[in-house]
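Subject: Structure handover

Hi,

Here is the structure for you to look through. Please open it first, then read the notes below.

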Amino acid sequence: MSKNKVNGINAATVIFCIISVVGIFYLILRWKLNRKLRKKVREMLPSLQAVLGVYNGLTDYTNYFSNFQAGIFLAKAKPLYARLPFAVSSIGLKDDELAVITKLDEIIRTLPDLRSAYNDEFVPKEIEKYGGFFAGLEKYPLSLEQMEAVVRDEDNNLVVAGAGTGKTTTVSAKVAYLLEKGLAESEDLLIISFTRSAVGEMFDRCVKFCNRDFAEGELEVKTFNAFGYLVNRTCSKTGLRLAFDGDDKRAIEFLEKSFSDLFLSDKDFERLATNYIAFFNRPYRSEFSFSSGDEQIKYEKSFPNIALNGVHLKSGQEVQIANFLFLNSIEFEYEKFFPLELNDRDPKRGDYCPDFYFPEHDIWLEHFGIDENGDVPSFFKTKPPFATAKDYYHDGMLWKEGIHAKYNTKFIKSYSFESKNGRLLANLKHKLEGLGVELVPRAKEEIFEAIQKSPEFDGLIKLIHTFLGLMKSNNRNPGQFAAEAKKDMRFKVFLDVFSRVYQLYESRIAKDSALDYNDMVNRATTLIGSGEYVKKYKYILVDEFQDMSIGRYELLRSLLLASPGCKLYAVGDDWQSIFRFTGSDISIMTDFTKQFGHSYRSKIAKTYRFNSEILQATSTFVQQNPAQIQKELQSDMVPLEPSFAFIPLNFSGTVRELRGMVKWEKVDEILSVLGAKGENLEVYLIGRYHHNRPDDLRELDKRHPNITLSYFTAHSVKGLTCDYAIVLDVDSGQFGFPSEVADDQILNYLLHEGDSYENAEERRLFYVALTRAKHKVFLLYDKLAPSKFLPELMEEKDALLLEEGKRCPECSGAMVAKQIRSRNFMACSNYPHCKVLIPQMVS
């Protein structure tokens with residue numbers, strides 16, 4: 001019998017039968033399972049179709065499809081889709097049933113792309129649908145960019161709008177659109193701007209666009225401060241008081257009085273405050289960081305450099321020495337002529353005037369500008385026969401030492417590198433005591449009187465006020481700066497002074513049961529977050545968004561979190577962020593998506609304010625700061641003449657009292673030229689400060705009756721438009737443009753890193769000043785001290801430079817003509833820091 005047969009049956013047949021039975025059993029089970037799965041799916045089909053219906057409703061071109069709505073949709077669709085069986089396409093569903101599932105699968109997988117494509121189709125359809133409505137809002141119809149910015153209705157919307165592009169119009173049109181379309185009622189809206197005047201303008205524009213009168217409180221248009229007050233008042237069981245009635249001047253007066261009281265009553269504070277004003281009132285900068293003597297001299301001239309005893313000096317290190325001497329009752333004379341005998345006088349060296357002389361002790365002091373290795377700054381010059389500036393400078397040092405040795409005088413030396421390593425004053429003290437000089441600390445009352453007269457006193461009080469506002473706006477306190485203070489001695493000294501004054505400030509407003517504006521905003525954030533303030537909003541619209549601070553940002557975040565689905569609509573121009581002193585942080589706008597979540601950024605680039613030449617020059621200028629949002633503005637206005645006029649004013653030899661007259665006469669001359677162009681011109685005079693305002697502006701106004709003439713600071717002119725602008729005093733220096741006052745490095749501890757670009761705020765402020773005029777901007781500047789900004793605007797960057805032969809051979813400063821005792825000379829404009837004087841031959 002064959003081994004391949006079992007009871008006469010072939011083994012292969014047996015195997016085949018077994019497989020067949022198992023197969024049939026599997027098919028029966030599979031059929032039953034598929035039937036069961038089909039039943040389950042068919043039971044789910046109504047739900048699946050309902051979800052598809054939701055999607056179809058979201059994409060039926062009735063409304064914008066927002067990311068928030070997409071999230072809600074996915075929250076319903078994904079769990080439902082996950083309940084579908086694996087390989088659902090193979091369970092025997094009908095084609096129409098399978099189509100439902102396939103469609104939902106595609107939507108879930110590609111929803112971001114589908115939503116984006118839908119919205120890109122929806123926007124032009126919506127613009128066409130509401131085109132007539134938009135056209136009727138005001139005399140000039142909205143631009144296509146504005147209409148797109150209005151109908152885009154994302155969770156968070158940032159509209160980046162350039163100067164003169166119609167930011168307020170865009171926000172007001174958004175309000176009108178929301179109400180017209182029925183997306184919200186007026187009570188659902190919160191509209192915020194930053195100034196009372198802007199709020200008033202916004203409300204009036206909304207009334208006009210909506211063509212209706214709103215009942216009191218029906219449409220909330222407020223400043224952040226006013227909204228913060230509303231929240232606090234709503235949630236407070238007692239009355240609210242505004243600290244110092246919201247008057248900055250009164251707050252500054254209180255800070256000054258607090259400083260004075262502490263100084264006279266607290267010995268430790270007296271020491272701290274004196275230390276700051278005498279030795280830390282300006283940041284340290286090495287001579288070795290400058291590229292030219294002219295740059296160093298201009299830097300030094302940007303500070304008062306006045307010692308506590310009123311003596312004017314040439315450098316910050318000399319001021320430190322002078323203040324040390326004053327505080328220790330050591331009388332001194334600055335740059336006193338040394339009585340050289342006739343045979344020691346060297347015409348090549350000029351008069352010898354050591355830096356300091358102490359008459360009571362008959363001691364001379366020289367402060368030498370060298371580093372630890374004896375090297376000199378790279379811009380120092382040499383003269384034959386010396387090969388290097390170092391050799392030349394050291395020869396001068398040796399000559400001075402030789403003179404003092406010959407005359408047997410008491411002579412001490414100090415060095416720049418001692419300031420760098422913090423040993424300048426300690427070493428000076430040691431040297432003076434070594435010569436038997438007794439250091440007698442000056443009386444507190446004398447020091448206080450000197451401090452009050454010092455220009456550094458007002459500067460410190462203003463810095464305290466600015467730091468206080470920035471700190472509270474960022475919702476921080478002095479104790480949170482310990483790490484920074486360890487690394488920066490100047491900041492530590494300032495913080496020691498500030499903290500004591502701050503304590504008195506907080507105690508005062510607590511005693512008065514008052515809140516300052518920053519408290520209003522910060523406390524409102526807490527009340528909203530805790531649920532005590534219960535009102536919900538559907539839309540929050542913010543104008544001038546570039547002026548947001550951390551405190552205001554936190555308030556917005558609390559409102560958005562308290563009202564799920566609430567949409568943020570922000571309009572601003574980061575190029576015009578100019579209110580740093582109020583705590584504005586440009587990064588809140590430039591990092592908008594990071595700060596608020598999913599967002600859409602629109603741009604409005606067409607300006608109606610100024611011509612294309614002004615546009616091109618100013619856009620290039622402001623975008624030198626890489627932190628600014630890059631954008632390309634457009635203008636249809638064609639310039640009819642050169643749009644910039646750079647006008648140097650020659651103040652050489654002019655006494656201070658007559659400088660104003662020189663400026664006045666030049667402005668008068670410009671106005672005469674403009675007056676010949678036609679009637680009813682509007683001309684703005686723009687200055688960095690109030691004190692830049694020309695004297696007797698009323699007389700200028702009378703002399704040019706066909707011109708409407710106004711003066712504005714660069715801050716106050718924001719948002720305004722004129723025919724021609726004259727920007728005054730575009731100079732270098734402490735109160736120049738850019739102002740060196742506004743950029744104290746201490747404030748950087750409260751500023752976003754991206755805004756630490758050199759003169760970033762001043763650059764934006766200058767941009768604001770340049771973009772007010774429709775036709776032309778005149779820039780008046782001191783020929784000998786022009787602003788560092790001017791070369792960037794000029795077609796040829798060497799336009800400011802004088803001819804090479806008119807540059808100082810020592811410091812590279814400008815040489816100017818002078819007449820001394822009927823003789824003609826070319827003298828360095830940096831006198832008395834540089835005393836180069838070159839006789840001129842008269843043909």
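Start with confidence. Among the elements of the protein, strand S8 (residues 356-358) has the highest mean pLDDT, 98. Strand S1 (residues 5-6) has the lowest, 56. Keep in mind that this is a predicted model. For the protein, the mean pLDDT is 89. Of its residues, 95% reach 70 or more.

One stretch needs care. Over residues 800-805, pLDDT stays under 50. The model has 11 contacts for these residues beyond four places in sequence. Where pLDDT is low, predicted coordinates should not be read in detail.

Next, the domains. Domain 1 covers 11-123, and domain 3 covers 330-439. Domain 4 covers 624-797, and domain 5 covers 804-842. Domain 2 is written as two pieces, 152-240 + 520-607. The C-alpha centres of domain 2 and domain 5 are 58 Å apart.

Now two helix pairs. Two packed helices are described by the angle between their axes and the distance between the axes.

Take helix H20 (residues 517-529) and helix H21 (residues 550-562). Their axes come within 9 Å and cross at roughly 15 degrees. Angles under 35 degrees count as roughly parallel, so H20 is roughly parallel to H21. The crossing of this pair is left-handed. H20 brings Val 521, Asn 522, Ala 524, Thr 525, Ile 528 and Gly 529 to the contact. H21 brings Gly 551, Arg 552, Glu 554, Leu 555, Ser 558, Leu 559 and Ala 562. By class, the residues of this contact are six nonpolar, five polar and two charged.

The other pair is helix H9 (residues 248-265) and helix H10 (residues 267-279). Here the angle is about 115 degrees, and the axes are 6 Å apart. H9 passes H10 in a left-handed crossing. On the H9 side, the contact is made by Phe 259, Leu 262, Phe 263 and Ser 265. On the H10 side, look for Lys 267, Phe 269, Glu 270, Ala 273, Thr 274 and Ile 277. This contact has six nonpolar, two polar and two charged residues.

Last, a single residue. Where is Cys 353? Find it in the loop between strand S7 (333-334) and S8. Leaving out residues up to four places away in sequence, Cys 353 touches Glu 335, Lys 336 and Phe 337. Lys 208 is 145 residues from Cys 353 along the chain, and their C-alpha atoms are separated by 73 Å.

Best wishes

Note on methods
Residues are numbered from 1 along each chain as its sequence is written. This is a predicted model: local features need pLDDT of at least 70, side-chain atom pairs count only at pLDDT 80 or more; totals for chains, interfaces and linings use all residues. Side-chain values use heavy atoms; hydrogens and water are left out. Axes are lines fitted to C-alpha atoms, for helices over the stretch in contact, and angles run from 0 to 180 degrees between N-to-C directions. Helices (H or I, at least four residues) and strands (E, at least two) are DSSP runs, numbered from the N terminus. Angles under 35 degrees count as roughly parallel, over 145 as roughly antiparallel, 65 to 115 as roughly perpendicular and the rest as oblique. A crossing is left-handed if the near helix is turned anticlockwise from the far one by less than a right angle, and right-handed if clockwise. Contact means heavy atoms within 4.5 Å. Ala, Val, Leu, Ile, Met, Phe, Trp, Tyr, Cys and Pro count as nonpolar, Asp, Glu, Lys and Arg as charged, and the others, Gly among them, as polar. pLDDT is the predictor's confidence in each residue, from 0 to 100. Domain bounds come from an automatic or database domain assignment.
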